[in-house]
Amino acid sequence: MLYPQRNQYRQFIDLSGFWDFRFDINNDGLKENWQSGFDKSQPIAVPASWNDQFAANRDFLGPAWYQIRFEKPWGWDNKKIFLRFGSVNYISDVWLNGELVGHHEGGHLAFEYDVSGMIINENLLVVRVDGRLEKDHVPPKGRTLENYPETNYDFYPFCGIHRPVLLYAVPNEGIKDITVITSIKKTLGILDINIESSRIIGAIAHCTLKGFETLLIKEYKIEQEVQEMTLEVNNARFWDKNNPNLYSLTIDIIKNDATLDSYSLNVGIRTIEVKGDKLLLNGKPIYLKGFGRHEDFPITGRGYVPAVIIKDYSLMEWIGANSFRTTHYPYSEQMMDLADQLGFLVIDEIPAVGLTFNRDVIERELKLCSQYIHELIARDKNHPSVIMWSLANEPHSSVKSKEFFKKLYDLTKGIDKTRPITIVNMMGVREKAFEFCDVLCINRYYGWYVQPGKIEDACQSLSEEMDKLYERHHKPIILSEFGTGTIPGWHSQPSEMFSEEYQAEFIEKYIEVCRSKPYVIGEHVWNLCDFKTSQGITRMGGINYKGVFTRDRRPKMAAHILRKLWKEKT
Ligand code: GCB
């Protein structure tokens, strides 16, 4: 799935801005035909969650309606036109000029519709968004402790149009998709490129690779819908976390001496593989230092805010992090582009958190997870920064989950053979899916939810558990979450739970344990920043305070300690 581009052959307009909005409190909209346009609206900012934009209805999860009018841009008459949503949480139905365009389920992945035959000069776009929680959604409704809204996961179920809505035009005959897989032979960088095109058999694909004094040009005749081609770069500059070298690859499609289409993308030449108990980037072991994070900010909720993305990267660089996991759903496409540019290593996770495997929902869970895997890999496959796919966070694993995850594992490997796969787990040695996962990720809170206040005992438990897990599987282990709730400005000596001292000491000691195990290949602190959750007795003010930074991105004491540890030790 290619992100829309602007050049001589492709254009897009961004529909972000103020839209009309209406809560559908009694779910009357469909009966009353709001899909053809509705009145009594109020303005709303798009993209952003609706929950914190108004003085009322914060916890109303839908349905709610959006509409916007736009004119067809000049010069788009003989083009294919698509409407593309970066993310809408959770279910969306879309109408253009009163006609149904499509339905999409799942909150954090891009989807698009071909609207070429539907678009007129003056258009009305209407979107119904339903973020209500249900047991057969992924992620699901549920609760272990009482909470409101009732999420089976620990973040606020923000709703709305969360990422940009783009209207874009491409040539009728042109490029549909590009897949680039890179490999390395000594100093040679090899790009295996697949170009999927529409109705251009016999045309020429003209490939140009530029960067670092390299200019490679090669032409291929397109003989099939998916045309394979190879480029080889001598003395290539490889992509890695310290040198995020990116080449620019441009594919021009030429027929009868006329250029029909053109698309450019960044390519990082790198390999990633698991060997024994190590994770190798370009053949060399890497150690991950970083965070779990959330797309979360006051007022905008889970909405796309470019400045927050920049700030988070800048804080991660300041503190010495080299990686993060997209907890617990795929992040925006812009976040992924910047990871390529800035040299961050990303564990890319589908939005499968809190899976229950209950008999009445397991089929739906499998179907939705499979859909998310297809959508995620289609979206993120060309990012050198993506070093691993994560199929779930803390599934409530049971006897049924092994077969469930084997299917997802095989599906993922079938689409992308090049990247290791993990599941982020809380069951430890009892997790059967660890038998086939390439890397084992565990989230641990000894010294917090269990053994409260006892950091020494907690580290002992962590150490013993890691050894047991390694003895059983002989695979690399990442400590993918560890942390403590910490009220900024709350201090104690000796350290005590909820104080800044406790968080700092806990993180430092946990890291010591990780560093003492040769098979541990990464430490991801939970969380980069404080973030919004449902209300409940474990979340004061509906906030999870495990951030090393506050929700408005100010450092707690632990941030300074981490910076010392991460900047000094590699
Ligand atoms: C976890 C979850 C994460 C929670 C965290 C916590 O294991 O993966 O979503 O926020 O614990 O703070 O309890």
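Predicted model: local features only at pLDDT ≥ 70, side-chain atom pairs only at ≥ 80, totals over all residues.
A cavity, in the sense used on this tour, is a set of grid points among the protein atoms where a 1.4 Å probe fits but cannot get out.

To find the largest cavity, select Asn89, Tyr90, Leu133, Pro139 and Tyr153, which lie nearest its centre among the 18 residues that line it. The volume of this largest cavity is about 140 Å³, and its lining is made up of 10 nonpolar, four polar and four charged residues.

Next, select Glu295, Gly303, Tyr304, Val305 and Ile309, because these are the residues nearest the centre of the second largest cavity, where a lining residue is one with an atom within 4 Å of a grid point. This second largest cavity has a volume of about 110 Å³ and a lining of 15 residues. How do the residues of that lining divide into nonpolar, polar and charged? Five are nonpolar, four are polar and six are charged.

**Stop two: the largest pocket**

Now move to the largest pocket, which is the space taken by the ligand. About 950 Å³ of space lies in this pocket, and 34 residues line it, with Thr144, Asp154, Glu394, Tyr449 and Arg539 closest to its centre.

**Stop three: the ligand and its neighbours**

Keep the ligand in view and select the residues around it, which number 13 and of which Asp154, His328, Glu394, Tyr449 and Lys546 come nearest. By class, this shell has four nonpolar, four polar and five charged residues.

Which distances separate polar side-chain atoms from oxygen atoms of the ligand? Begin with aspartate 154, where a polar side-chain atom lies 2.5 Å from a ligand oxygen, then go on to lysine 546, where the corresponding distance is 2.6 Å, and finish with arginine 539, where it is 3.3 Å. To end the tour, show the surface around the ligand: on its own the ligand has 320 Å² of accessible area, and the protein covers 93% of it.

Note on methods. Residues numbered from 1 in each chain as written. Heavy atoms only, no water. 1 Å grid on protein atoms, 1.4 Å probe; cavity = no way out; pocket = protein on both sides within 12 Å on 5 of 7 lines; lining within 4 Å. Points joined across faces, edges and corners; volume = space filled by probe spheres on them. Nonpolar A, V, L, I, M, F, W, Y, C, P; charged D, E, K, R; others polar. Near = heavy atom within 4 Å. Polar contact = N/O pair within 3.5 Å; in protein donor to acceptor, adjacent residues only side chain to side chain. Areas by Shrake-Rupley, 256 points an atom, 1.4 Å probe, with all protein chains shown as cover. Sits in = over half its atoms within 2 Å of the grid points.
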